[in-house]
Amino acid sequence: MTKLFISAFSCKNSGGVTDTVIKTISWEYDGNGYEQYSTNDSAEYGIKSYFTDSTYTQDPYSSATFYLIRKSGYDRAEYGGIFCYKDFNNYYRIVINNYGEYYISERFKSSSTSITTDWTFTSNLIAGYDKVNKIKVERDSNGKFTIYINDSNTYTFTNTDMAAGASGFYTHIDSEDKEQFPAKPNDTRFKITVP
């Protein structure tokens, strides 16, 4: 079950006018087919938030397609999808940023490992705000994962640590020196389809 967490109070701008509401929307349907995570609350700096739903569980995992939109926020803050999610200590993750870069990692038995060696630029991603990026992750019976970004085969890897689990979403709220709270929220939208 998703919940809406809203903390509201007023801030005064330099002219003494009260006009900014502090608000967090935590994995709520936005009315346009997407789940939304948005905040301009300084208490959220550094937060990493995950969302999974049993609806998106597969055993064995075969594929999931993520649709991701960054509306506002620090342009290098990461957001994306998680797959083969068993629990907080066992899952794969693919994240992107608004510079057209992606990064893939694994968390297995509480230990995190990079699958891509670093952030990787690809022209397959559409950089910028208010752009829909489609990421499809397929797995074959031998543990080979293929990543398609906007329908282009972008990366493959083989890993047999996890072969089943849920798919879901991930977002990171960056630090105080990078986000522009409360004036501009970090606002990201997510949608997923599975077979």
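**Aromatic pairs and the nonpolar core**

In this predicted model, the count of aromatic pairs comes to 21. One of them joins Trp-27 and Phe-169, whose rings are stacked at 6.2 Å centre to centre with 25 degrees between the planes. The pair links distant parts of the chain, since Trp-27 belongs to strand S3 (residues 24-29) and Phe-169 to strand S15 (residues 165-172), 142 residues apart. Trp-27 has a relative accessible area of 5% and Phe-169 one of 1%. Under 20% counts as buried, so Trp-27 is buried, and Phe-169 is buried too.

Other rings gather in a group: Tyr-61, Phe-83, Tyr-92, Tyr-102, Phe-145, Tyr-155 and Phe-157 make up one aromatic cluster. Some of these names return in the nonpolar core. The largest such core has 30 residues, and Phe-83, Tyr-92, Ile-135, Val-137, Phe-145, Ile-147 and Phe-157 are those with the most contacts inside it. Elements giving two or more residues to this core include strand S5 (48-58), strand S7 (79-87), strand S8 (90-96), strand S12 (133-139) and strand S13 (144-149). Apart from this core lies another, of seven residues, among them Tyr-85, Val-95, Tyr-103 and Tyr-170.

What is Phe-145 in contact with, leaving aside its neighbours within four places in sequence? Its partners include Tyr-61, Phe-83, Tyr-92, Tyr-155 and Phe-157, along with Cys-84, Val-137 and Met-162.

Cys-84 lies in strand S7. Is Cys-84 buried or exposed? Its relative accessible area is 1%, so Cys-84 is buried. Not counting residues up to four places away in sequence, Cys-84 touches Phe-145, Tyr-61 and Tyr-92, and also a run that includes Met-162, Ala-163, Ala-164, Gly-165 and Ala-166. Ser-141 is 57 residues from Cys-84 in sequence and 14 Å from it in space, C-alpha to C-alpha.

The charged end of Arg-76 sits over the ring of Tyr-99, 3.6 Å from its centre. Over the ring of Tyr-67 sits the charged end of Lys-191, 5.2 Å from the ring centre.

The last stop returns to the strand that holds Trp-27. S3 pairs with strand S4 (residues 35-39) in the antiparallel sense, over five bridges.

Terms used: Residues are numbered from 1 along each chain as its sequence is written. This is a predicted model: local features need pLDDT of at least 70, side-chain atom pairs count only at pLDDT 80 or more; totals for chains, interfaces and linings use all residues. Side-chain values use heavy atoms; hydrogens and water are left out. A nonpolar core is a set of buried Ala, Val, Leu, Ile, Met, Phe, Trp, Tyr and Cys residues joined through side-chain atoms within 4.5 Å. Buried means under 20% relative accessible area, exposed over 50%, partly exposed in between (1.4 Å probe, protein chains only). Helices (H or I, at least four residues) and strands (E, at least two) are DSSP runs, numbered from the N terminus. Contact means heavy atoms within 4.5 Å. Rings of Phe, Tyr and Trp (its six-membered ring) pair if their centres lie within 6.5 Å; planes under 30 degrees apart count as stacked, over 60 as edge-to-face and the rest as tilted. A charge sits over a ring if NZ of Lys or CZ of Arg is within 6 Å of the ring centre and within 35 degrees of the ring normal. Two strands pair if DSSP finds at least two bridges between them.
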